[in-house]
Amino acid sequence: MADDKYAKSKCFVFSKDGYEEITYSELCYRKGTDIRYQKKKFVPLHGMLMEVTPEQYADFYRTKNRQRYLDRRSAENGDISIDMLTTDDFNGADILIDTAEPVDEQVIRKIMTDKLVAMLSLLSEDEQELIRKLFYEGLTEREYAAKKGIYHNAVHKKKMRILEKLKKLLES
């Protein structure tokens with residue numbers, strides 16, 4: 001136990017009442033003076049040393065060595081996994097959430113957009129201009145009305161009639 005990285009760690013040893021908490025220096029002292037402590041097995045757990053059975057000790061280090069082997073192989077092969085992205089502060093799976101629109105909805109929107117473009121050509125020149133200015137160039141109804149020298153209310157009513165006409169054309 002000459003490893004000083006545990007010098008400030010809590011240590012837990014088996015006792016008749018469960019686990020007993022001792023300091024690392026106390027553990028080192030017991031290992032030096034009590035022959036029973038020389039055969040005891042400890043594993044690091046959340047910055048502490050826990051006494052475990054020989055079977056638990058073997059399982060812990062078998063798992064740890066297996067993970068180290070897998071990590072080394074992954075690094076050699078250039079593999080990445082969600083687990084590699086996960087830290088105490090960040091869940092790696094969060095960056096893999098697909099926020100894109102589902103493909104079926106993209107296809108439907110594309111078909112409807114193509115159909116709408118075809119329907120726009122069926123509108124009169126005035127109607128096409130109004131749609132282009134409001135929806136493509138981003139003018140407000142008030143700005144369009146001011147440029148044309150007409151009332152805002154008239155522009156709104158005309159826009160609503162055109163949209164209703166386009167809706168009927170798209171549904172047919």
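Which residues are linked with Glu-26 in a network of salt bridges? Select Glu-20, Glu-26 and Arg-30, which form this network; a salt bridge here is a side-chain nitrogen of Lys or Arg within 4 Å of a carboxyl oxygen of Asp or Glu. The model is predicted: local features need pLDDT of at least 70 and side-chain atom pairs count only at pLDDT 80 or more, while totals for chains, interfaces and linings use all residues. Residues are numbered from 1 along each chain as its sequence is written, and side-chain values use heavy atoms, with hydrogens and water left out.

**Helix H1**

Remain with Arg-30 and Glu-26, whose side chains meet at 2.9 Å, N to O. Both residues lie in helix H1, 4 residues apart, about one turn of the helix. Helices (H or I, at least four residues) and strands (E, at least two) are DSSP runs, numbered from the N terminus. Arg-30 is buried at 16% relative accessible area, whereas Glu-26 is partly exposed at 29%. Buried means under 20% relative accessible area, exposed over 50%, and partly exposed in between (1.4 Å probe, protein chains only).

Next, select Tyr-24, Leu-27, Arg-30 and Lys-31, the buried residues of H1. They lie on the same side of H1 because they cover an arc of only 120° around the axis, taken from the directions from the helix axis to the C-beta atoms. Their packing partners are strands E1 (10-15), E2 (18-23), E3 (41-45) and E4 (48-52), together with H2; contact means heavy atoms within 4.5 Å. Turn to the face of H1 away from its buried side to find the exposed residues Ser-25, Tyr-29, Gly-32 and Thr-33.

Asp-34 occupies the loop between helix H1 (24-33) and helix H2 (35-38). Asp-34 is buried, at 17% relative accessible area, and its side chain makes a polar contact with that of Arg-36 at 2.7 Å. A polar contact is a pair of N or O atoms within 3.5 Å; within protein, one must be able to donate a hydrogen and the other to accept it, and residues adjacent in sequence count only if both atoms are side-chain atoms.

Now select Glu-51 and Lys-40, a salt bridge with its closest N and O atoms 3.4 Å apart. This pair links distant parts of the chain, with Glu-51 in strand E4 and Lys-40 in the loop between H2 and E3, 11 residues apart. Glu-51 is buried at 5% relative accessibility, while Lys-40 is partly exposed at 21%.
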